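Work through the two exercises below with the sequence and the structure at hand.

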Amino acid sequence: MPGVIAERVPRVAASSAVPRDELEKIWQTQPGIAGWLSSVDHKEIGLRYIVTAFAFLLLGGVEALVMRVQLARPDQQLLTPEQYNQLYSTHGMTMIFLYAMPILSGFSNYLWPLILGSRDMAFPRLNALSYWIYLASGLFMYAGFAIGAGPNDGWFNYVPLASRPYNPGMNIDFYALGMIFLGVSTTVGAANFIVTFLRTRAPGMSINRVPILTWGTLTASVANVLVVPSVSLAFCLLWMDRQIGTHFFDVSQGGQALLWQHLFWMFGHPWVYAIVLPAMGMVSDGLPVFCRRPLVGYAPVALSTVATMMLGFGVWVHHMFATGLPNLALSFFSGASIIITVPSAVAVFAWTATIWLGRPVITTAFLYFASMIVLFTIGGVSGFMTASVPVDWQLTDTYFVVAHIHYVLIGINLFPVIGGVYLWFPKMTGRMLDERLGRWNFWTTFIGFNLAFLPMHLTGLRGMPRRIYTYPHEMGWDGLNLITTIGSFLLALGVLLLVINVLTSLRHGVAAGANPWDAGTLEWATPSPPPPYNFRVIPHVASRHPLWESRLKESDERSLIEDGMVLDHGRETAGSTPLDGEPDIILKMPEDSYAPFLLTIAASAGFCGLLLHLWWLAEVGVAGVDVALAVWLWPERRLGQRVEVKHV
Amino acid sequence: MRRIGVGWWGLLCVVLTEGALFGYLLFSYLYYAVQLDPAWIPIRHPSLRLAVPNTIVLLLSSVCVWWGERGTREGRRGRQLLGIGVGFLLGLAFIGIQLQEWHDKPFSLRSSLYGSLFYTITGFHMAHVVAGVIALAMVFLWSVLGYFDRMRNAPVLIAATYWHFVDAVWLAVFTTLYLTPYLG
Amino acid sequence: MVALTWGMLLIAIGVVIAISLLVLGGVVGRGRHVDIASVPVERGGNGLRWIWIGVGVSSIPLVVALVWTVSVLAAVSAPTGKPAVVIEVTGAQWWWKARYMDRDPARIFTTANEIHIPTGEPVQIRLTSADVIHSFWVPALGGKTDTIPGQTNVTWLQADMAGTYRGQCTEFCGWQHAHMGFLVLAQPPAQFRLWEDAQIKPARPPTSPQEAAGKAAFEFHCGACHTVRGSKAGGSVAPDLTHIESRTTLAAVTLPHMVGTLSGWIADPQAIKPGVHMPVMDISGPELERIRSYLQTLE
């Protein structure tokens, strides 16, 4: 970990006085495979997250399309029940765990140091570790699917169906161990965001000047730190029941199936807020760029982000309304689930006001950010309906809920993400995405998505249950299912257009300068793409929109970007106080390291050992992790963790 | 004034998440305890013969580690080594005593729902104790090698904080598993 | 409850229309296709007012919904009178067992997949599961309640109009979750009592050597899993078939009950419900005929 004081006070100078190539040498990653395995650069890690998450999005999408072919007509037998069950379970697992959170981690990883005026995240090696474990655990879970032993009891994996007597194969073991593994990635990533937010902001960036994206990711990270242990524990207890012979969920020994549901949903509900709040932050930061004004209601929006998550800890039972719980409990959770719409309404009105009180410029990014407000509202009201217990008793476990979850996930995660791609692709690559193709991309996805999922509300109201591999003709669901299938293929085409746009623009896109959108926040003050050190001198921030200050004229203070602290004695960035952002320490940053990668290999071996009952391999894995940790944490002079640091 | 970089904050996140883990473990235990017939616990009143002294051992070890860490901040190497060292030994003693306690129990991990919960909860705690003991040993080694002085000593504070956390968790585990059955 | 659902749906649709119009209004006609740097950056207007008014107005339907929800919840969770009938329903992979309770033990009987109830009277359903979690739902008559192993959940039904109401399992329970339906037949009380009396009787004894042969074949091949009261077949892991001929569907409302479908089901249940726990048994043509004809006597 980056360590304690260097006694010197850094000099302040103009950025032109700081030679680029020296900083470059200090910060650059080695070329080739060596650099690829050892890089700790947040931009590289962020891009890997984004690419990997998109790959999983496409995989999950194909799984969905296969299911939609099966469900296009009644009584079809293209898939066996087992195949269908593995498809829908893997689709859920992929989208919710391997796409929705990692894509936001990827954007946040890439952007945070840039928008916070820093050189890297607080824990660069931990950052690399969170990616490697994400990749390893994703591959681990898909290995099961690849050999026909994919998860087959839904992403929610209820017992007793997930217990050994009813599920003797390896399917659930792949899922359970894989999820515990993935949980490590999520947790260390979350810790990184929390400490970065608190300690590595640019001087002058007080807590009320940070972009809303950071509020969203911070809130999600605090939540993850607190709730991921719940689901990891649930999977651990289940795995132990299945493979060790314990009785946590064993009804014959007094165990209860509902304990699983409580542990799962105490995690699951905060999780679904964690996978949308950062994306909402992207809208809150992106919409103002295209409306040519700051966000309406920064403080209410920041507070509502936190409030949504806090309320989100208190609603999990709304997934269990039909399980026979006492009315008093049901009423409380129903009320909380209705009230939680209030902070969401704050965001919706803030965005709408920003459009009305600004001068909107139509771009593809703007279309995605603006349309998500409507999709958010549709998803929100269907959630509001199911928050009412008696209504939920009709609607739960029907396609009405499937419609709801896709409106909130695609509307509040995917649409902002695609908007974010159009907004930040120029910064990441130095090229613009094609706007004409972008319009085709937008309209195809928008129409395809609504064609697929709007009728689904009706399908659910007409009683079609979830998770059925086929349905009989006499129920009258044929037409609606066919429309949904057609819409889903149109949506897939839209996503394909996005991929094409990205791939062609990488080669032939119009060159983008540092600030093609004339936006106001710090990331646009760096070259496109940014150099490995981000900023030549550490900026000093005086407002929320440093690059718009002279036009907004809201105070006499000005941010300093071309003049600032010179930190060039090795890899260094500025540490600051949590609330006021006053610089108080020089943080020494680590060099590239193989430890994160090697630790992941050892951990993977350990989990494989558990999966295959090769206990010796599990022990080898643990030993390997211990060695990697010892090497990683060994105090280094260069990081100021030991005495005898050379003075300036 | 001592200035702290980012490592200690990272440890706070570890404390939060692992603390939450134990929260969920104890929730699982209490979920059953309030719903099941009291006979679900094989021994109505769990034996305190070894558990109470062991709790004192762990508390003492925290005191030693705290004292050693304070010595570090004051630049007093002797105290640093003595405090960490004795704390480490007491930690080892805790492990030994608890292993003996486990050996003496008439139920096992697989014999009943209660057994599964008891051994899993105390087992998770034991794993954290082992990690803490290793951390104390590493810090002791690094101290012997002369890595730390009154300014540079973050690993000492971090290991000590973790150790106090492990102690606090034990108090919660001890109260839930050993004391609540006595409340009828 | 229906009113609450419609009410919330109307609120939902209203909110969606309002916000959509707001967003569309902000964009259509006002949005421009120009070089972005040419549009000046300016913070104008009292934006916060939008938030307070918007949130304030939207809170009203929220509070209304909250109060309405709690009152409907109290109303629907328990019937107004003493139940006329108490039925213990057990969900199993992938069928429904229904045991009609009575203070007189001689009037307790078991059937499967087709539940009759008297019209106009509350019926108490006591739910549990034989294996994994299922969910008992008759959409036209009320909300759903899960069947969970190790606990008993109580719900109730009341049909004011006579008719056939379809039910289905609505908690994923494995391979044939899609084919785990059941029927609720609401009949006028007098007709219901007649049905009850018929169900309580054991199967009528065979009246011919062929029927006796059929009964023997059935007991041999099927008795380990199925029960027919009045025969040696006493298995409890599969539906009670004592009066199967009186039922209009087979295999948990997967097939209509006809000669052909019944034979097909007995011959190869896996072809119709792959994964179902009823095995494919090598029963020859004549033997199959005998069993089917015997079942047809079980009215």
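A salt bridge is here a side-chain nitrogen of Lys or Arg within 4 Å of a carboxyl oxygen of Asp or Glu. The model is predicted, so that local features need pLDDT of at least 70 and side-chain atom pairs count only at pLDDT 80 or more, whereas totals for chains, interfaces and linings use all residues. Residues are numbered from 1 along each chain as its sequence is written, chains are lettered from A and ligands numbered from 1 in the order in which they are written, and side-chain values use heavy atoms, with hydrogens and water left out.

**Exercise 1.** Describe the contact between chain C and chain A.

Step 1. Counting contacts (heavy atoms within 4.5 Å), 82 residues of chain C meet 92 residues of chain A.

Step 2. The buried area (accessible area, 1.4 Å probe, lost on being put together and summed over both parts) is about 7,200 Å², with 70% given by carbon and sulfur atoms. On the side of chain C, Ile36(C), Val41(C) and Phe172(C) lose the most area to chain A, together 11% of what that side buries.

Step 3. Two salt bridges are counted between the chains C and A; Arg359(A) forms one with Glu42(C), their closest N and O atoms being 3.0 Å apart.

Notes: Buried area = accessible area lost by both parts, 1.4 Å probe.
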